[in-house]
Amino acid sequence: MPLFEWDGSLALGHELIDAQHKSLVELVDQLHGACLDGAEGSDPRSVLMALYKYTMFHFSEEERLMKQANYAEYAEHKAEHDTFVSKLDALAVQAKQGRADIGQETLKWLVAWLLNHISVVDKRLAACLPKG
Ligand code: FEO
């Protein structure tokens, strides 16, 4: 059973951002799956690193869009991104050392953070951007 699924209710009406959020949701769910079954090819550490890299890419894309649009809430929004990156950073360092705690509490935190960020903070941003 998926932990986190893209069901369209998180869509913000911005094609690029929605596509990237869908990928993020899928990566978090892959991380959950990798933690559960540990099947070959689904090492939690490699999925975590993929999530980390994709998150950095997505945040840089949103930050680029915010700058282009002279978005008034850029600083607050970027601060939220930085909080999430700090958490992923700590997990990535632990993963490289072979001691990442990617347990249920961490997974729940990732899901809760993303749900809140997308549905509140990114929603405000998407409303101010040209559709793209
Ligand atoms: Fe979609 Fe602000 O991250």
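A residue is called buried here when its relative accessible area is under 20%, and the legends below describe a predicted model.

**Figure 1. Burial and accessible surface of the protein chain.** Of the 132 residues in this predicted chain, 39% count as buried. The accessible surface of the protein chain comes to about 7100 Å², and carbon and sulfur atoms account for 54% of that area.

**Figure 2. Helical make-up and overall dimensions of the protein chain.** The protein chain contains four helices and zero strands, so that reading along the sequence gives the pattern α-α-α-α. Along its principal axes, the C-alpha trace spans about 45 × 30 × 20 Å. Because a compact globule with 132 residues would have a radius of gyration near 14 Å, the 15 Å found for the protein chain agrees with that expectation.

**Figure 3. Contacts across the sequence.** When contacts between residues at least 6 apart in sequence are considered, 72% of them join residues that are at least 24 apart.

**Figure 4. Helix 2 and the residue that follows.** After helix 2 comes Asn70, which has a positive phi, near 50°.

**Figure 5. Charged side chains of the protein chain.** The protein chain carries 13 positive and 20 negative side chains, and the centres of these two sets lie 4 Å apart.

Conventions: Residues numbered from 1 in each chain as written. Predicted model: local features only at pLDDT ≥ 70, side-chain atom pairs only at ≥ 80, totals over all residues. Heavy atoms only, no water. Helix = DSSP H or I, 4+ residues; strand = E, 2+ residues; numbered from the N terminus. Rg over C-alpha atoms; globule rule 2.2 N^0.38 Å. Buried < 20%, exposed > 50% of the residue type's maximum accessible area, 1.4 Å probe, protein only. Contact = heavy atoms within 4.5 Å. Areas by Shrake-Rupley, 256 points an atom, 1.4 Å probe, with all protein chains shown as cover. Lys, Arg positive; Asp, Glu negative; His and termini not counted. Charge placed at Lys NZ, Arg CZ, Asp CG, Glu CD.
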